[in-house]
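Visitor: I would like to learn how to read a model like this one. Please start with the strands.

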Amino acid sequence: MNINMNPNSELHQYVVNVPNVVQVPDVLVSQAEEFKAAIMMYTCAIREVKTKLEVLNDELSVRNQRNPIEMIKSRVKKPMSIVEKLRRRGLPVSLESMMDHLDDVAGIRVICSFVDDIYAIADMLVSQDDITVIATKDYIKNPKPNGYRSYHLIIEIPVFFSHEKRDMRVEVQIRTIAMDFWASLDHQLKYKKEREGDSDEISEDLRLCAEIIAGTDQKMLEIRKSIEAKGGTVKK
Ligand code: 0O2
């Protein structure tokens, strides 16, 4: 399995080793030390959840002779995105407000091979007794009107620090390679960009692409199942 971090991953490594490099937004300067400590905690929560996912992938790859997880990406929300989201929601811009109201400061994206792997991984993760499910959004069974598909979970996990245990929230997005392909390009092309001249035609074209991709995902799953039904295995 590839453990792939997003472009800020270097920052994340430093967050753990050298917390001083965390960029503190101006509005949070009075709480700079606490903000850095909070970002370090979210980074640790990501590590805990990633380890759980890696363990599941290792076990399933031995049992079923194929990897259900293709890749895991992670990120801590950029400081300015945190401030922007709090402002957009009309919430106070403070550390307490971030920790109380934002569920996606720590984010993990799990890219699976097949659609049924998504549900298998989600079920196994949430059935672990140190994980509390805060919210689930199934954008696969109920895609967004623009075609976006993915399975979202907000979970809480205890993280043990030197003098305390903190329950930390992590957003886990689970999707197939095909769904990730669409979402990545949608992000570049359209998502949240209210560009002048963007027509309904563009949105409709993107939605159609999502439909085609979902059909292909379904077909690939059928192909795998028919190989397995004939006693064949799928390569790791
Ligand atoms: P980033 O940069 O990926 O972190 P909100 O978070 O306020 O927008 P909500 O209801 O809390 O909305 O969360 P939602 O819509 O369940 O999931 C939000 C995240 O899902 C987004 O995070 C995206 O990662 C992803 N997402 C949701 N809809 C779309 C979409 O139409 N296209 C793409 N490409 N991604 C989507 P962020 O914080 O917006 O961005």
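Guide: Two strands pair if DSSP finds at least two bridges between them. Helices (H or I, at least four residues) and strands (E, at least two) are DSSP runs, numbered from the N terminus. This is a predicted model: local features need pLDDT of at least 70, side-chain atom pairs count only at pLDDT 80 or more, and totals for chains, interfaces and linings use all residues. Residues are numbered from 1 along each chain as its sequence is written.

Visitor: How many bridges join strand β4 to β5?

Guide: Six, and the two strands run antiparallel. β4 covers residues 132-138. Ala 135 stands opposite Ile 154 of β5.

Visitor: What joins β5 to β6?

Guide: 10 bridges, again in an antiparallel pair. Ile 155 has Val 170 in β6 as its bridge partner. Four residues sit between β5 and β6, which form a hairpin.

Visitor: Now a helix. Which residues of α5 are buried?

Guide: First the general idea. An α-helix has 3.6 residues a turn, so residues three or four places apart point the same way. A residue is buried if 20 or more other C-beta atoms lie within 10 Å of its own, exposed if 12 or fewer, and partly exposed in between; C-beta atoms are placed from the backbone. In α5 the buried residues are Val 115, Asp 117, Ile 118, Ile 121, Ala 122 and Leu 125. They cover an arc of only 150 degrees around the axis, so they lie on the same side of α5. That arc is taken over the directions from the helix axis to the C-beta atoms. Their cover includes α2, β2, β3, β5, β6 and α7.

Visitor: Which residues touch the most other members of the largest nonpolar core?

Guide: In soluble globular proteins, nonpolar side chains tend to be buried together. A nonpolar core is a set of buried Ala, Val, Leu, Ile, Met, Phe, Trp, Tyr and Cys residues joined through C-beta atoms within 7 Å. Here the largest has 36 residues, and Tyr 42, Ala 45, Val 110 and Val 170 touch the most other members. Its largest share, nine residues, comes from α2. A second, separate core has six residues, among them Trp 182 and Ile 213.

Visitor: Is Gln 31 exposed or partly exposed?

Guide: Partly exposed, because Gln 31 has 16 C-beta neighbours inside 10 Å. Gln 31 lies in the loop between α1 and α2. Its C-alpha is 7.2 Å from that of Leu 95, 64 residues apart along the chain.

Key:
Two residues are in contact if their C-beta atoms, placed from the backbone, lie within 7 Å.
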